[in-house]
Amino acid sequence: MEKNTEKFIIKKALPLSGDVRISGSKNAALPILAATLLTDRGVTLENVPALSDIEDMLTLLSGFGAKISRSTKAISIGCEQIENRVPDHNVTKKIRASFLLAGALLGRFGKCSLPMPGGCGIGLRPVDLHLKGFSAMGADISMEHGLVSISAPYLHGAGIYLDFPSVGATENIMLAAALAQGVTFIYNCATEPEIVELADFINLMGGFVEGAGTDSIAVHGVPFLRGCSCRISPDRIEAGTYMLMAAAVKDSDVCIKNVVPQHLSPVIHKLTETGVQIVTGDNFIRVNSNGLIKNTDIKTLPYPGFPTDMQAQFMALMTTGRGSGIVKETVFENRFMYVSELNRMGADIKIDGRSAVVNGVRHLSGTDVKATDLRAGAALIIAALMADGKTEIGEIHHIDRGYENIEEKLKKIGVEIERVREN
Ligand code: UD1
């Protein structure tokens with residue numbers, strides 16, 4: 001999985017059929033991995049996906065002295081002897097979730113220094129809300145030479161209102177508050193399933209978090225946390241991506257297994273509006289498509305709204321749909337970078353600020369394109385399944401950040417995909 005040296009070659013797909021088994025959630029696993037720093041006892045995690053983002057987080061934990069062992073089923077992490085040193089910037093800059101180590105280290109040691117996370121391919125992504133939370137809890141914050149140093153000799157509960165329900169800020173504040181003195185209230189917090197999963201994990205360790213999944217959370221600080229075992233839930237964005245792949249190819253019949261259908265409610269509703277047939281059960285979603293997509297409008301929003309992490313894939317689906325549709329991105333300011341790549345394949349998409357107008361075209365044609373970020377890469381795969389001929393997708397290290405065993409899973413449902421080294 002070396003950077004920039006591999007590409008996917010994908011042929012126009014025949015009808016897709018069979019099962020896809022969804023892996024553990026990347027975005028649930030990352031904050032839980034950071035949370036293992038809150039206890040000096042062992043933690044065992046099952047169903048952690050094998051992804052480069054997860055490897056990067058484990059590398060950062062090892063850098064602090066965490067003992068990590070793996071079996072085929074689980075990863076065990078022991079944070080008994082931890083050195084509160086500055087993590088390696090070469091790794092922190094690869095994953096923005098590395099900033100969640102701030103809350104965990106602050107909770108455990110009352111201070112930390114981390115490289116300031118930069119912007120990325122989808123926007124500026126500041127951390128002002130994270131820092132506002134720490135500061136309300138008694139932390140002093142300084143920034144010098146690209147490092148943010150946070151110090152709170154007495155970390156205490158506070159009432160914190162988030163100007164935007166940021167997922168990362170909610171998680172970081174929960175992590176810091178778990179071992180703080182008193183109660184921390186987070187108002188207008190994120191309500192994503194990953195927030196509930198982090199709260200459940202902290203509670204499994206003996207913490208006391210209430211209200212996760214609603215727009216205000218109370219974190220009652222406890223004196224210490226203990227070890228535990230937990231299983232990471234299925235990745236809703238991976239599941240949604242395979243749903244859209246099935247929807248994109250005429251006469252497909254694909255069953256997405258090991259999912260929580262409620263977590264995909266907006267995707268299920270919007271896909272149904274396009275005319276795709278969807279049947280859900282306790283832990284599966286079956287998608288039947290006649291390939292005739294009726295274009296619709298989507299607007300990304302915090303959960304339970306339509307996920308920004310599904311925006312690019314939905315836009316790809318709409319490129320060959322009937323009529324026009326408007327895609328409005330309200331969460332990130334720069335999440336249309338991949339549109340020029342879809343247009344190079346023959347799509348007709350016009351961008352106006354935070355909106356994109358998609359005019360359905362009769363067909364796409366395969367060519368060389370580049371993944372500009374993780375979900376953009378997934379969108380290009382969807383486009384490649386529909387495009388005449390073959391599509392070569394470069395920069396697939398972005399895709400490897402978030403889709404476990406993607407070639408095997410795609411081959412199993414009938415996709416002709418090959419990973420080759422770029423010259
Ligand atoms: C997480 C997810 C990411 C998803 C996003 C929104 C992980 C590892 N990543 O990212 O896949 O796309 O939620 O669902 O879970 N913001 C501020 N100030 C802050 C923090 C955020 O202005 O201090 C802004 C961001 O720039 C962005 C918006 O809030 O425009 C949403 O960001 P946030 O919810 O924090 O996303 P992440 O936690 O980074």
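Student: Which residue's side chain meets that of lysine 26 in a salt bridge?
Tutor: A salt bridge puts a side-chain nitrogen of Lys or Arg within 4 Å of a carboxyl oxygen of Asp or Glu. For lysine 26 the N to O distance is 3.6 Å. The partner is aspartate 53.

Student: What kind of model is this?
Tutor: Residues are numbered from 1 along each chain as its sequence is written, and side-chain values use heavy atoms, with hydrogens and water left out. Local features need pLDDT of at least 70, side-chain atom pairs count only at pLDDT 80 or more, totals for chains, interfaces and linings use all residues, and the model is predicted.

Student: Is lysine 26 buried or exposed?
Tutor: Buried means under 20% relative accessible area, exposed over 50%, partly exposed in between (1.4 Å probe, protein chains only). Lysine 26 has 6% relative accessibility, so it counts as buried.

Student: Which residues does lysine 26 touch, leaving out those up to four places away in sequence?
Tutor: Contact means heavy atoms within 4.5 Å. Lysine 26 itself lies in helix α1; helices (H or I, at least four residues) and strands (E, at least two) are DSSP runs, numbered from the N terminus. Its contacts are Pro49, Leu51, Asp53, Ile54, Asp235, Leu374, Arg375, Arg401 and Gly402.

Student: What area is buried between domain 1 and domain 2?
Tutor: Buried area is the accessible area (1.4 Å probe) that two parts lose on being put together, summed over both. Carbon and sulfur atoms give 50% of it here. The total is about 1800 Å².

Student: Which residues of domain 1 lose the most area to domain 2?
Tutor: Together they make up 29% of what that side buries. They are Tyr303, Arg401 and Glu404.

Student: How many salt bridges are there between domain 1 and domain 2?
Tutor: Arginine 401 and aspartate 53 meet through their side chains in a salt bridge of 2.8 Å, N to O. Between domain 1 and domain 2 the count is two.

Student: Why is helix α4 described as largely enclosed by the rest of the structure?
Tutor: α4 spans residues 100-109. Its covering includes α1 (26-35), α2 (52-64), β6 (111-115), α5 (128-136), β8 (147-151) and α6 (167-177). Leu100 and Gly107 are among its buried residues.

Student: How far apart in sequence are the parts tied together by lysine 7 and glutamate 392?
Tutor: Their side chains form a salt bridge at 2.7 Å, N to O. Lysine 7 is in strand β1 (residues 6-11) and glutamate 392 in strand β22 (residues 390-394), so the pair joins parts separated by 385 residues.

Student: Which residue's side chain pairs with arginine 236 in a salt bridge?
Tutor: Arginine 236, in helix α8 (residues 236-248), is linked to a residue of helix α7 (residues 193-204), 42 residues apart. Arginine 236 counts as buried because its relative accessibility is 11%. The N to O distance is 2.8 Å, and the partner is glutamate 194.

Student: Which residues are linked in a network of salt bridges?
Tutor: The whole structure holds 23 salt bridges. The network links Glu6, Asp400, Glu407 and Arg419.
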